[in-house]
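Please look through the model below with these notes beside you. Each point takes up one part of it.

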Amino acid sequence: MLLRHTTKEIKEREGLTINPAKTCQPIGAMYAALGIHGCLPHSHGSQGCCSYHRSMLTRHFKEPVMAATSSFTEGASVFGGQANLLQAINNIFTIYDPELIAVHSTCLSETIGDDLKQIVTKAKDDGKVPEGKEVTYASTPSFVGSHVTGYANMVAGMTQQFAEKSETQLDRTNIVAGWMEPSDIREIKRLAKELAAEILLYPDVTDVLDTPQTGKHDMYPKGGVTVEQMKTLGDSKSTISLGNFTAEAAAIALEKKCGVGFVSEDIPVGISATDRFLMALSKAAGVEIPQSITDERGRLVDMITDMQQYFHGKKVAVFGDPDWIVPLCEFLVELDMKPVHVLSGTPGKRLDKRLHELLDMDVPDANIKNGASADLFLLHQWIKNEPVDLLIGNTHGKFIARDEDIPFIRFGFPIIDRVGHSYFPNVGYSGAMRIVEKLLMAIMDRQDRDAPEERFELVM
Amino acid sequence: MIMESIEILEGRKKQIYQKEQNTEQFDMTCDTKSLSGSVSQRACVFCGSRVVLYPVADALHVVHGPIGCAAYTWDIRGAVSSGPELHRMSFSTDLKEMDVIYGGEKKLYASLIELIDQYQPKAAFIYSTCIIGLIGDDIDAVCKKVTQEKDLPVLPVHSEGFKGTKKDGYAAACNALMKIVGTGSTEGISPYSLNILGEFNLAGEAWIIKDYYEQMGLEVVATVTGDGRVDDIRRCHGASLNVVQCSGSMLKLAKMMKEKYGVPYIRVSYFGIEDMSKALYDVAKHFNKKPEIMDKAKKLVSKEVSEMYPKLAKFKKALNGKRAAIYVGGAFKAFSLIKALRYLGMKVVLAGSQTGNKDDYNMLKDLCDEGTVIVDDSNPVELSKFVLEKEADLIIGGVKERPIAYKLGVGFCDHNHERKIPLAGFVGMFNFAREVYQSVTSPVWQFAPRKGGLG
Ligand code: SF4
Ligand code: SF4
């Protein structure tokens, strides 16, 4: 019993976090930057942070993750990190030769008060950025928000810095991808193709963090949207952002800069969110939803009708990142399940509001909490007070699942003890079928395991 | 010559060296900070302290700082405990903007009181991260106050990430440990006793080593820090000998204990048959007043080796002539690995470490064959190029090297935190050989383009 110390009785805690349900901004910024072709993310701070972020992404994707660091020393912490960053930019272009460096700050450089905009401008003025190459930046202090915020900040920053508007209007829709797996992005692109909708999706980590084995290690894999493409963002007709928390900020930045209107949708998890996304895309691109997609939806609904009795009233505890748990909870309710505990370490009133809108009718007593002291210790306490049939969340949930003997489905970031997430999507109708399959597997395996012999069934 | 075929960061030339005939001058630049802009595989001071102290299982480990530093070090190292598992929890003061402006001392104090009440630990380690070094929280004062109020050692670990390298983190950890050492009673400790230092019980390795010493008739007072307990550490100054593994992490503690308590120390390695046997003999020699200890050591070694020998034959046959690249944290480990690989008939074509010092690299140079590339604080581009050029069949490294090896179509063995099976001791040599064999001869390679798509 690893968590044997967890008490049932819940006390207010004074700002202590036990077993966090979030991590820090820079890792999100690093992840987002990897979705740009030829980009080397750069961590402006000391070496440790960068090393940890790379290791964590590597553990999650089982892929090499490249990023550079300013390698702060005591000097930098006294005199500021300008010299380090200038030297870093110079060194990086000389030796690693990326198309683009995406700089994010860390707690350290933020507290020192380094101004990334000013330093990057100086680097350009000093001729440290070769012709045709770019440096972009985002401020990502970890004492604000979470990894989710860092992703949003980096995507918004790049949009703001690269997007241009020319004379030519393109018959094209921008899709700002919130924090998703390569598999999910692949699926969104496939859906758009089925619809024959012309899109520009970014950031795009397909073929970056799901690369084939080739016998070579490419520092810059073939995937990712190019800076050239990003420069044309302002010429698209409109934008769809997928994820209130990770994508919308970029859509807003683009609207502000180039006047491209946007709709903010959820990441398409489950039936309704996928419906909404496809409607939005069909409207924005002026295309019809083809029969093939309607059939996909039909197969999903058919699968659910077949197995509906297994879902009814099952209590679920969900934790994770806002853009995923919102549509997931919506889907669980549609499946006739009860998300009774929903938790995210990421702060923000908007999440609380959306979860209440989704759950107040069907699960009026649900425990909902995000931000400060919404950690896995609290989630465990909730579960002790009201046990659940299923736990859904990232790898860190396995401690609770084991101690309480609850079936556990891995969902979210990070997943460092299983594979599959980067190859098989959770979005769209086919992604929803995968979720349904996983839910059923967990529930039915448990039923089989616990059934007395005379009730152990062959046909289910 | 290698400098031509591979572009090297200007400032890095002195951290790469190729052993060739008659090269006299060898002046490895190391012990330096990585250049700004490197894709370094190195970590920070905090990381050093955290990995060293983490296995103390009945202590509270509180990371004072923003959330990330704590989140990334949450149970990432399989340091096994036979009892309490408090070390596997993640506690953070999760500093917010207001704390950064007004200071986090109050929050730290409140957190400590809450945690101590709830978990009743034997001691508490408070790690300060980069930001604490900047905002100037007086964590010593907070620790002192809580120590008095709660009557248990609450120890500050000064591990601000930017104040040096991982090695400085080891030193900070030793300083913290030294505050507990000497606070317990040494009554009843045998004169034939020792402490195991620098062994972290990954996959249960410390248990294997402890068992060997006990078989030799020696008492193990404390393992620092694998499967560690505060009460053992309190009284470990009563042991007659400190046996220190690994180059950096615990040597400082041994030195301090020698100075303050007169406990002598010896340095050993538990990897590979050669070094493992030598470790046991060296320890036995220290206790030469009681010759039966040496007798038992000899018996133990010959029994283990004779059992191991035939089992290794299959691996040796398959691995003979294969080439290995080693890139590990400390250089000391590289020495043992080179010997162990050589025993298996393999050739080491690249040897490097993140944190070796001058002496280490001189020793490495002496140990290596001609043509071996020696690197300090390398990056993935360099590593993959060397691996391809040197046609390595195996990489030994850590978490960030693993996927690179596989992309290159090269076998891999984790000799770091993520090892899942014990690699120490005689049985460890068998496990190591099996793991190397499994990876190098995996059937998957028949489908995988190898070595830059050439092979
Ligand atoms: S200092 Fe900040 S950026 Fe670095 S790991 Fe810690 S929380 Fe993350
Ligand atoms: S903030 Fe400092 S202590 Fe924390 S991970 Fe980064 S370098 Fe290490």
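1. Four strands of chain A form an open sheet in the order β7-β6-β8-β9, with parallel pairing. Strands pair if DSSP finds at least two bridges between them. Helices (H or I, at least four residues) and strands (E, at least two) are DSSP runs, numbered from the N terminus. At the edges stand β7 and β9 (261-265) of chain A, each with a single partner strand, so one side of each is left without a neighbour in the sheet. On average, neighbouring strands of this sheet are turned by 20° against each other, direction ignored.

2. This is a predicted model, in which local features need pLDDT of at least 70, side-chain atom pairs count only at pLDDT 80 or more, and totals for chains, interfaces and linings use all residues. Residues are numbered from 1 along each chain as its sequence is written, chains are lettered from A and ligands numbered from 1 in the order in which they are written, and side-chain values use heavy atoms, with hydrogens and water left out.

3. Strands β6 (residues 173-177) and β8 (residues 238-242) of chain A run parallel and are joined by five bridges. Ile175(A) has Ile240(A) in β8(A) as its bridge partner. Helix α11 (residues 270-285) of chain A lies across β6, β7, β8 and β9 of chain A. This helix runs at about 170° to β8(A). Contact here means heavy atoms within 4.5 Å. Axes are lines fitted to C-alpha atoms, for helices over the stretch in contact, and angles run from 0 to 180 degrees between N-to-C directions.

4. Another open sheet has five strands, in the order β1(A)-β3(B)-β2(B)-β4(B)-β5(B), and its pairing is mixed. Its edges are β1 (17-18) of chain A and β5 (154-158) of chain B; each has a single partner strand, so one side of each is left without a neighbour in the sheet. β4 (residues 123-128) of chain B pairs with β5(B) in the parallel sense over five bridges. Ala124(B) stands opposite Val154(B) in β5(B). Helix α5 (residues 105-119) of chain B lies across β1 of chain A and across β2 (59-64), β3 (91-92), β4 and β5 of chain B. Its angle to β2(B) is about 160°.

5. Which chains surround ligand 1? Residues from chains A and B do, so the site is shared between chains. A residue is near a molecule if one of its heavy atoms lies within 4 Å of it. Among the surrounding residues are Cys24(A), His53(A), Ser142(A), Pro66(B) and Tyr72(B). Two elements give two or more residues to this shell: α2 (47-61) of chain A and α3 (67-71) of chain B. The shell has seven nonpolar, four polar and no charged residues. Ala, Val, Leu, Ile, Met, Phe, Trp, Tyr, Cys and Pro count as nonpolar, Asp, Glu, Lys and Arg as charged, and the others, Gly among them, as polar.

6. Residues from chains A and B also surround ligand 2, so the site is shared between chains. Its neighbours include Ser46(A), Tyr52(A), Phe46(B) and Thr129(B). α2(A) gives the most to this shell, with three residues.

7. Now the loops of chain A. The peptide bond from Tyr202(A) to Pro203(A) is cis, with omega near -20°. Pro203(A) lies in the loop between β7 (199-202) and α9 (227-231) of chain A. Phe413(A) and Pro414(A) are also joined by a cis peptide bond, with omega about -5°.
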